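Please keep the sequence and the structure in view while reading.

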Amino acid sequence: MYDVYVLKSLINGRFYIGCTNNLARRLYEHNNGLSTYTKSTRPFKLVYQEEFSTLKFARRREKQLKGGQGRQWLKNKLN
């Protein structure tokens with residue numbers, strides 16, 4: 001199974017959207033500075049996740065959420 005997840009930085013309030021097959025490990029990596037892109041904005045809180053049976057579907061959803069309409073949908077959902 002694959003998860004598409006949304007993290008919220010507790011430092012600046014910005015969101016990070018990603019995809020993984022091991023959400024617990026990935027969250028640990030983000031919060032412990034093991035991910036270069038998010039290292040400077042940690043710690044993070046998991047605020048949303050969706051589960052998919054294939055990587056193809058998970059990547060498609062991740063890409064959708066990173067687009068304009070997807071970001072707007074997330075903003076409405078999380079507020």
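## A buried pair in a predicted model

Are Glu-29 and Arg-26 buried or exposed? In this predicted model, Glu-29 is buried, and Arg-26 is buried as well. For Glu-29 the relative accessibility is 18%, and because the limit for buried is under 20%, Glu-29 counts as buried.

Glu-29 belongs to helix α1, which covers residues 23-31. When residues up to four places away in sequence are set aside, Glu-29 touches Leu-34 and Ser-35.

## Salt bridges

The structure holds 5 salt bridges, and Glu-29 takes part in one with Arg-26 and in another with Arg-25. Whereas Glu-29 is buried at 18% relative accessibility, Arg-25 is partly exposed, its relative accessible area being 35%.

A further salt bridge links Lys-66 with Glu-62, with 3.0 Å between the closest N and O atoms. Both residues are in helix α2 (residues 55-66), where they stand 4 residues apart, about one turn of the helix. Lys-66 counts as partly exposed at 42% relative accessibility, while Glu-62 is buried, with a relative accessible area of 9%.

Which residues of α1 are buried? They are Leu-23, Arg-26, Glu-29 and His-30. Seen down the axis of α1, these buried residues fall within an arc of 125°, and they therefore line one face of the helix. The face turned away from this buried side carries the exposed residues Ala-24 and Tyr-28.

The packing partners of the buried residues of α1 are the strands β1 (2-9), β2 and β3. Leu-23, one of these buried residues, has a relative accessibility of 14% and so counts as buried. Leaving aside neighbours within four places in sequence, Leu-23 is in contact with Asp-3, Tyr-5, Leu-46 and Gln-49. Between Leu-23 and Val-4, which are 19 residues apart in sequence, the C-alpha to C-alpha distance is 8.7 Å.

## Backbone features after α1

Helix α1 is followed by Gly-33, whose phi is positive, near 75°. Further along, Pro-43 is found in the loop between α1 and β3 (44-52), and the peptide bond that leads from Arg-42 to Pro-43 is cis, with omega near 10°.

## Leu-74 in helix α3

Helix α3 (residues 68-78) contains Leu-74, which is buried, with a relative accessible area of 5%. What does Leu-74 touch, not counting residues up to four places away in sequence? On that basis, Leu-74 touches Val-6, Ile-17, Tyr-48 and Leu-65. Leu-74 and Glu-29 are 45 residues apart along the chain, and their C-alpha atoms are separated by 23 Å.

## The largest pocket

In general, rolling a probe the size of a water molecule over the atoms shows where empty space is left. The largest pocket in this model has a volume of about 210 Å³. It is lined by 13 residues, of which Arg-14, Phe-15, Tyr-16, Tyr-37 and Thr-38 are the closest to its centre.

How do the residues of the lining of the largest pocket divide into nonpolar, polar and charged, and which strand gives the most to the lining? The division is 5 nonpolar, 5 polar and 3 charged, and strand β2 (residues 15-20) gives the most to the lining, with 3 residues.

Note on methods:
Residues are numbered from 1 along each chain as its sequence is written. This is a predicted model: local features need pLDDT of at least 70, side-chain atom pairs count only at pLDDT 80 or more; totals for chains, interfaces and linings use all residues. Side-chain values use heavy atoms; hydrogens and water are left out. On a 1 Å grid over the protein atoms alone, a cavity is a set of points where a 1.4 Å probe fits but cannot get out, and a pocket is an open set with protein on both sides within 12 Å along at least five of seven lines; lining residues have an atom within 4 Å of a point. Grid points are joined across faces, edges and corners, and a volume is the space filled by probe spheres set on the points. Helices (H or I, at least four residues) and strands (E, at least two) are DSSP runs, numbered from the N terminus. Ala, Val, Leu, Ile, Met, Phe, Trp, Tyr, Cys and Pro count as nonpolar, Asp, Glu, Lys and Arg as charged, and the others, Gly among them, as polar. Buried means under 20% relative accessible area, exposed over 50%, partly exposed in between (1.4 Å probe, protein chains only). Contact means heavy atoms within 4.5 Å. A salt bridge is a side-chain nitrogen of Lys or Arg within 4 Å of a carboxyl oxygen of Asp or Glu. The arc is that of the directions from the helix axis to the C-beta atoms.
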